[in-house]
Amino acid sequence: GSMAPKIQACIWFLEAGGKQALITNPENIGRALKGESGTLITA
């Protein structure tokens, strides 16, 4: 699917006070948390 809704959700989260948002899929959550995959957006 499109990344646009995921990015928008991250922006809203960060604007509400979140510090970091991570976009990944369930299969790669472990790798994403280690910084090996996914998209990390930081405020």
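1. In what order do the elements of the protein run from the N terminus on? They run α-β-α-β, so that the secondary structure comes to two helices and two strands, where helices (H or I, at least four residues) and strands (E, at least two) are DSSP runs numbered from the N terminus. Please keep in mind that this is a predicted model, in which local features need pLDDT of at least 70 and side-chain atom pairs count only at pLDDT 80 or more, while totals for chains, interfaces and linings use all residues. Residues are numbered from 1 along each chain as its sequence is written, and side-chain values use heavy atoms, with hydrogens and water left out.

2. On overall dimensions, the C-alpha trace of the protein spans about 25 × 25 × 10 Å along its principal axes. The accessible surface comes to about 3,300 Å², of which 59% belongs to carbon and sulfur atoms; such areas come from the Shrake-Rupley method with a 1.4 Å probe, and for residues only the protein chains shown count as cover. Of the 43 residues, 16% count as buried, where buried means under 20% relative accessible area, exposed means over 50%, and partly exposed lies in between (1.4 Å probe, protein chains only). Residues 24 or more positions apart account for 21% of the contacts with a separation of 6 or more, a contact being heavy atoms within 4.5 Å.

3. Helix 1 covers residues 4-15, and its end C-alpha atoms are 16 Å apart, which agrees with the 16 Å that its 12 residues should span at 1.5 Å a residue; the expected span is 1.5 Å times one less than the number of residues. Just after helix 1, Gly 17 takes a positive phi of about 115 degrees.

4. Gly 18 is found in the loop between helix 1 and strand 1 (20-23), and with a relative accessible area of 11% Gly 18 is buried. Leaving aside neighbours within four places in sequence, Gly 18 is in contact with Phe 13 and Ala 43. The C-alpha atoms of Gly 18 and Ala 43 are separated by 7.5 Å, although these residues are 25 apart along the chain.

5. Leu 22 has its place in strand 1 and counts as partly exposed at 32% relative accessibility. Beyond its neighbours within four places in sequence, Leu 22 is in contact with Ile 29, Ala 32, Leu 33, Thr 39 and Leu 40. The C-alpha atoms of Leu 22 and Ile 7, 15 residues apart along the chain, are separated by 9.7 Å.

6. Which residues make the nonpolar surface patch of about 380 Å²? The patch is made by Leu 22, Ile 29, Leu 33 and Leu 40. Patches are made of residues with over 30% relative accessible area and no salt bridge, like charges being joined within 9 Å and nonpolar side chains (Val, Leu, Ile, Met, Phe, Trp, Tyr) within 5 Å. Of these residues, Leu 33 lies in helix 2 (residues 29-33) and is exposed, with a relative accessible area of 65%.

7. Is Ala 32 buried or exposed? Ala 32, which lies in helix 2, counts as buried at 6% relative accessibility. Leaving aside neighbours within four places in sequence, Ala 32 is in contact with Leu 22, Thr 24 and Ser 37, and the C-alpha atoms of Ala 32 and Leu 22, 10 residues apart along the chain, are separated by 7.7 Å.

8. Ser 37 is found in the loop between helix 2 and strand 2 (39-42) and is buried, with a relative accessible area of 19%. A polar atom of the Ser 37 side chain lies 3.5 Å from the backbone nitrogen of Ala 32. With neighbours within four places in sequence set aside, Ser 37 is in contact with Thr 24, Asn 28, Arg 31 and Ala 32. Asn 25, in the loop between strand 1 and helix 2, counts as partly exposed at 33% relative accessibility, and its C-alpha atom is separated by 9.7 Å from that of Ser 37, 12 residues apart along the chain.

9. The count of salt bridges comes to one, a salt bridge being a side-chain nitrogen of Lys or Arg within 4 Å of a carboxyl oxygen of Asp or Glu. Glu 36 forms this salt bridge with Arg 31, the closest N and O atoms being 3.8 Å apart. Glu 36 is partly exposed, with a relative accessible area of 49%, and Arg 31 is partly exposed, with a relative accessible area of 41%.

Technical notes. Polar contact = N/O pair within 3.5 Å; in protein donor to acceptor, adjacent residues only side chain to side chain.
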